[in-house]
Structure formats: structure tokens, C-alpha cells
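Please read the following account alongside the sequence and the coordinates.

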Amino acid sequence: MKKHNYSAGPCILPQEVFEKSAQAILNFNDSGLSLLEISHRSKDFVAVMDEARALALELLGLEGKGYSALFLAGGASLEFLMVPYNLMKEGGKAAYLDTGTWAAGAIKEAKLFGETVTVASSKEQNYNHIPKGYTVPADADYFHCTSNNTIFGTQMKEFPSVDMPVVCDMSSDIFSRELDFSKFDLIYAGAQKNMGPAGTTLIVVKDEILGKNGRIIPSMLDYAKHIKAESMYNTPPVFPVYASLLTLQWLKNLGGIAAIEKINNAKAALLYGEIDRNPLFKGAAAVEDRSNMNATFLLHDEAHAATFDAMWKAAGISGLPGHRSVGGYRASMYNALPLESVQVLVDVMKELETKI
């Protein structure tokens with residue numbers, strides 16, 4: 001039976017990425033060696049890293065605009081630390097928007113480096129919406145936000161215009177929708193949502209914002225050193241970078257971000273349409289802030305949960321239970337999830353209605 005993978009991450013990837021990366025593990029570039037055993041300094045892997053960094057900038061529309069792309073280890077959570085280390089001045093201040101668990105984690109780390117202002121938070125409402133109408137302090141060294149909140153199913157639809165560097169954690173919706181990415185000075189994203197397997201993190205940073213905070217930064221945490229070393233300051237996570245390159249190539253061949261956004265909009269419209277139509281279900285997030293990547297929803301009556309759970313499992317659906325912070329269900333519809341998988345879920349929801 002075909003599986004329909006709604007896992008929030010690590011998540012579904014294109015079938016061709018699995019096939020090509022599996023072959024590379026056995027025999028990479030007809031070298032007779034596995035991708036897992038070649039030197040990261042070999043010309044074959046240097047070419048992979050160079051193309052991955054260049055393609056990330058190309059897809060985001062940032063090539064030739066003064067940005068560098070890095071593929072580093074440590075996950076997006078390490079960037080919670082690296083961002084203030086590189087951007088917050090000694091005795092400085094940073095501004096953060098608190099929209100969920102990961103935003104709160106970033107705030108916690110920033111407080112280790114200096115004054116950290118939370119400009120707005122939706123925590124008291126269990127992060128069921130994106131705060132609006134907030135003011136960012138003009139003297140902040142940077143403003144940080146999280147574009148999509150995987151756990152709670154909310155997504156920023158617009159971003160504030162401020163006279164300071166804008167930093168965005170795009171871990172769960174990067175490459176999924178068209179934005180003017182030049183409005184961001186630093187973007188970071190764990191690979192394991194829309195880009196590849198867990199193990200590497202993409203950082204895209206405008207070169208001119210670095211080296212201005214007066215701090216002595218440990219080498220491994222210094223973006224400038226990683227840029228100078230072309231993302232090879234230490235041994236990179238070879239396999240996750242290669243699989244990410246394959247995913248970026250797949251996206252480019254599909255037509256880039258503009259093409260995948262149309263597909264993502266269709267998937268979201270199909271599922272949210274059923275959530276709103278079906279009297280057995282209700283959405284967990286504010287309608288205007290609903291995420292196209294992570295749809296969170298609940299049963300009106302939990303007495304139907306056992307029946308519904310048995311039905312979606314029988315249909316080959318995987319990874320649907322919601323995070324414990326929200327409960328209910330979470331359908332993660334990342335780039336590689338096909339529209340047909342969403343239709344399978346919608347059909348199960350409709351079938352449940354006929355059984356009750």
C-alpha cells in the first residue's frame with residue numbers, strides 16, 4: 001500500500017531524491033566509492049557543495065545580491081545561538097516576535113547575550129495566531145521572527161518593514177512560497193522539512209551585516225569564517241548536503257518556488273476546505289494565520305477519535321497525530337507531498353461523516 005507521509009519532520013522527500021541518493025551511497029559518480037566514504041575535500045564533493053550553495057541563492061532570487069549561502073551542522077537550534085553571537089553588539093539589544101515553541105527557544109538563547117525584547121507574543125492563547133500591530137524598537141541590533149510554526153499551524157503572511165537587519169527562521173516553509181527574500185538579511189532553515197534529511201542547516205546571510213558587533217566569536221560559531229572557508233571550515237554533513245542538492249534540483253526542474261507555491265496552495269485549500277465544511281472537525285489556528293505547511297485540526301467530539309484513527313491508518317496515512325501542545329491532528333503538507341495524498345485524507349474525513 002502507498003504511504004501518505006504527513007510527518008512534521010523529518011518529512012517526505014521526492015521519490016527521485018531517495019533513488020539518486022541511495023545510488024550515491026553505493027557508487028557515487030561512478031567512482032566505485034560510496035558518498036559516505038569519499039573525502040569531503042575531493043573534487044566530486046566540493047562540486048556538490050558549490051552547486052548546492054549556488055542553487056539555494058538562485059531559487060531564492062538572491063544570486064549576485066551580496067548574499068552567501070552555507071550548509072552547516074547543528075540544526076536550526078544552533079542558529080538560535082549563532083545569530084546573537086554574530087549580530088548582537090556588546091551591550092546591545094535584539095527584538096524578537098514570539099509565535100511558538102521554536103521562537104521561544106531562540107529568545108531564550110538571545111537573552112544570554114544581551115537585552116532581548118519580545119515585541120509581541122501569542123503564548124497566552126497557546127500560539128493559535130500571529131500577533132499583529134506590534135512595534136519594533138528602533139535601537140535594536142536586529143529583528144528576529146519565525147515564518148512558520150510547525151507545532152501550532154500558523155504562518156506569517158506579511159513581515160514588518162524595519163530599519164535594521166531582519167532575521168527569519170524559515171525551517172518549515174523555506175522554498176514553499178514566493179517572497180521578496182531580499183527583505184531578509186539572514187535566513188536559516190533546518191533541512192528536514194522542505195529540503196533534505198536531518199543533519200544540515202541552510203544559512204543565507206547578507207555579507208555586509210557581519211563583523212560589526214565588536215564581539216570575539218569562537219571560530220565554529222563565526223559566519224564570516226564559514227563563508228571564507230566556503231562552508232568547509234570543518235567536515236560538512238556530506239550526505240544531508242547531497243540529498244538537499246538533489247531536492248533543490250528537483251524543485252528547479254519543477255519550475256522553482258513559483259510552481260511549487262501553486263501546488264501548495266491547492267493542497268492547503270483542499271484540506272482546509274474540508275475542515276471548514278465537515279461538521280465533525282474544526283481548525284486549531286486562526287483562519288487568517290493558517291499555515292500552508294502544517295494544518296492543525298481537532299475533532300469536535302473526541303469520542304470519534306478511535307474510529308477516525310483506524311480509518312486514516314487503514315488508508316495508508318502516516319504521521320497525522322498532532323503535537324501534544326495542541327492535540328488533535330497535524331497534516332504537514334511539505335513540498336514533496338502530492339495533492340493525491342491530501343485527497344486521500346479528505347476522503348477519509350468525508351467517510352467518517354457518513355459513519356457518524
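The model is predicted, and local features are described where pLDDT is at least 70.

The interior comes first. In soluble globular proteins, nonpolar side chains tend to be buried together. Here the largest nonpolar core has 83 residues, and Phe-143, Phe-175, Leu-271 and Phe-308 are those with the most contacts inside it. The surroundings of Phe-175 can be followed in detail. Leaving aside residues up to four places away in sequence, Phe-175 touches Ala-56, Leu-59, Leu-60, Met-195, Leu-202, Leu-248, Leu-251, Ile-257, Ile-260 and Asn-335. Another core, of 26 residues, lies apart from the largest one, and Ala-76, Tyr-85, Phe-113 and Leu-221 are among its members.

Is Leu-210, a loop residue, buried or exposed? Leu-210 sits in the loop between strand 10 (201–206) and helix 5 (223–228). Its relative accessibility is 13%, and residues under 20% count as buried, so Leu-210 is buried. Its contacts, not counting residues up to four places away in sequence, are Asn-86, Leu-87, Val-205, Tyr-223, Ala-224 and Ile-227. As for Lys-111, 99 residues away from Leu-210 along the chain, the two C-alpha atoms are separated by 20 Å.

Next come the aromatic rings. A pair of aromatic rings is described by the distance of the centres and the angle of the planes. Over the whole structure, a search finds 11 aromatic pairs. One of them joins Tyr-127 and Phe-152, with 5.0 Å centre to centre and 55° between the planes, and this pair is tilted. Tyr-127 belongs to the loop between strand 4 (115–121) and strand 5 (143–146), and Phe-152 to the loop between strand 6 (148–149) and strand 7 (154–155), so the pair ties together parts that are 25 residues apart in sequence. Tyr-127 counts as buried at 6% relative accessibility, and Phe-152 is buried with a relative accessible area of 5%.

Phe-159 and Phe-184 make another pair: their ring centres are 5.0 Å apart and their planes lie at 85°, so the pair is edge-to-face. Because Phe-159 is in the loop between strand 7 and strand 8 (166–169) and Phe-184 in the loop between strand 8 and strand 9 (186–190), this pair ties together parts that are 25 residues apart in sequence. Phe-184 counts as buried, at 3% relative accessibility. Elsewhere, ring pairs link Phe-281, Phe-297, Phe-308 and Tyr-329 into a cluster. Of these, Phe-308 is also one of the residues with the most contacts inside the largest nonpolar core.

The empty spaces follow. Rolling a probe the size of a water molecule over the atoms shows where empty space is left. The largest pocket has a volume of about 330 Å³. Its lining consists of 19 residues, and Trp-102, Thr-150, Ser-171, Gln-192 and Lys-193 lie nearest its centre. Helix 3 (residues 75–87) supplies the largest share of this lining, three residues. By type, the pocket lining divides into six nonpolar, 10 polar and three charged residues.

How many cavities of 30 Å³ or more does a search of the whole structure find? The search finds one. The largest cavity holds about 30 Å³ of space. Ile-12, Leu-13, Pro-14, Lys-193, Asn-194, Met-195, Thr-247, Trp-250, Asn-335 and Ala-336 line the cavity, and this lining divides into six nonpolar, three polar and one charged.

The backbone is last. Most residues other than glycine have a negative phi, and most peptide bonds are trans. The peptide bond from Gly-9 to Pro-10 is cis, with omega near -5°. Pro-10 is in the loop between strand 1 (4–5) and helix 1 (15–26). Asn-29 has a positive phi, near 55°. This residue lies in the loop between helix 1 and helix 2 (43–60) and is partly exposed, with a relative accessible area of 48%. Asn-126 also has a positive phi, of about 55°. Asn-126 is in the loop between strand 4 and strand 5, and at 37% relative accessibility it counts as partly exposed.

Note on methods: Residues are numbered from 1 along each chain as its sequence is written. This is a predicted model: local features need pLDDT of at least 70, side-chain atom pairs count only at pLDDT 80 or more; totals for chains, interfaces and linings use all residues. Side-chain values use heavy atoms; hydrogens and water are left out. Helices (H or I, at least four residues) and strands (E, at least two) are DSSP runs, numbered from the N terminus. Buried means under 20% relative accessible area, exposed over 50%, partly exposed in between (1.4 Å probe, protein chains only). Contact means heavy atoms within 4.5 Å. On a 1 Å grid over the protein atoms alone, a cavity is a set of points where a 1.4 Å probe fits but cannot get out, and a pocket is an open set with protein on both sides within 12 Å along at least five of seven lines; lining residues have an atom within 4 Å of a point. Grid points are joined across faces, edges and corners, and a volume is the space filled by probe spheres set on the points. Ala, Val, Leu, Ile, Met, Phe, Trp, Tyr, Cys and Pro count as nonpolar, Asp, Glu, Lys and Arg as charged, and the others, Gly among them, as polar. Rings of Phe, Tyr and Trp (its six-membered ring) pair if their centres lie within 6.5 Å; planes under 30 degrees apart count as stacked, over 60 as edge-to-face and the rest as tilted. A nonpolar core is a set of buried Ala, Val, Leu, Ile, Met, Phe, Trp, Tyr and Cys residues joined through side-chain atoms within 4.5 Å.
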